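I opened this structure to look up its pocket, its core and its ring pairs. My entries follow.

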Amino acid sequence: MKTLLTMLKHKAIVTKNFRQFIAKLQEREAMHDVSKFQQDEFDGFSELDSAEVFKLYGTDEYKKRISENKGIKLHYQRNSHHPEHFEADEANYGFSFSSMDMMTFTDLLEMVIDWKSACETYGTNFEESLEISMRRFLPSSHTEYMIRMIASDLYGTKPPAVIGFEATVSKKAD
């Protein structure tokens, strides 16, 4: 009987913790891109034809148009689901790393959902966009693996190869 009670207690605690995570995700969903409706960001987005700009994703023209837009820069500063949010932090450390490596799991999850949603909004290919983003932001192998696993789990994209598995196995065998 004690074992059953322990198992039921554990199940109840797992449920509680899942609900906390779900509440966090629901909060992020509700707050996603709300800052775009602030006048300074809205003006910046209004200057762009977002559909046309997004179709240029990965090109020099895209980079130029985005980098010159103050509203977009403000949006990145205010929203941690954008890798650009962490670029100022990157400069302060005095060594190079990917801004994606500073993101939390929930930042990465929201980012992948945002990228997929942008592709659906503007009629572009999610898997191609994902490849461009990996080249653009150059995440560490671990962060890239996590991003690809999230995309695979949520949207059925090709799962990533297991990174570093052979090295881990050979180290444990020694």
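**Entry 1: the pocket**

I looked up the largest pocket and found a volume of about 520 Å³. This is a predicted model, where local features need pLDDT of at least 70, side-chain atom pairs count only at pLDDT 80 or more, and totals for chains, interfaces and linings use all residues. Residues are numbered from 1 along each chain as its sequence is written, and side-chain values use heavy atoms, with hydrogens and water left out.

I noted what a pocket is: on a 1 Å grid over the protein atoms alone, it is an open set of points where a 1.4 Å probe fits, with protein on both sides within 12 Å along at least five of seven lines. Lining residues have an atom within 4 Å of a point. Grid points are joined across faces, edges and corners, and the volume is the space filled by probe spheres set on the points.

Which residues lie nearest the centre of the largest pocket? I found Lys36, Phe54, His82, Asp114 and Ala118, out of 27 lining residues. Two or more lining residues come from each of α3, α4, α5, α7 and α8. Helix α7 gives the most, with 6 residues. Helices here are DSSP runs (H or I, at least four residues), numbered from the N terminus.

**Entry 2: the core**

Next I checked the largest nonpolar core, which has 26 residues. Such a core is a set of buried Ala, Val, Leu, Ile, Met, Phe, Trp, Tyr and Cys residues joined through side-chain atoms within 4.5 Å. Buried means under 20% relative accessible area, exposed over 50%, and partly exposed in between (1.4 Å probe, protein chains only).

Ile66, Met100, Met111, Val112, Trp115 and Ile147 touch the most other members. Helices α3 (50–55), α4 (60–67), α5 (70–78), α7, α8 and α9 each give two or more residues. The largest share, 7 residues, comes from α7.

Beyond four places in sequence, Trp115 touches Met100, Phe126, Leu130, Ser133, Met134, Phe137 and Ile147. Contact means heavy atoms within 4.5 Å.

Leu130 is in helix α8. Its relative accessible area is 3%, so Leu130 is buried.

**Entry 3: ring pairs**

I then looked for aromatic pairs. Rings of Phe, Tyr and Trp (its six-membered ring) pair if their centres lie within 6.5 Å; planes under 30 degrees apart count as stacked, over 60 as edge-to-face and the rest as tilted. The count comes to 3. One of them, Tyr57 with Tyr62, is edge-to-face, at 5.0 Å centre to centre and 85° between the planes. Both Tyr57 and Tyr62 are buried.

Phe126 and Tyr155 have ring centres 5.7 Å apart and planes at 75°, so this pair is edge-to-face too. It links distant parts of the chain, 29 residues apart: Phe126 is in α8 (126–137) and Tyr155 in α9 (141–155). Phe126 is buried at 7% relative accessibility, and Tyr155 is partly exposed at 30%.

In α9, Thr143, Ile147, Arg148, Ile150, Ala151 and Ser152 are buried. Their cover includes α7 (105–122) and α8. Gly156 follows α9 with a positive phi, near 75°.

Beyond four places in sequence, Leu138 is in contact with Ser98 and Ser133.
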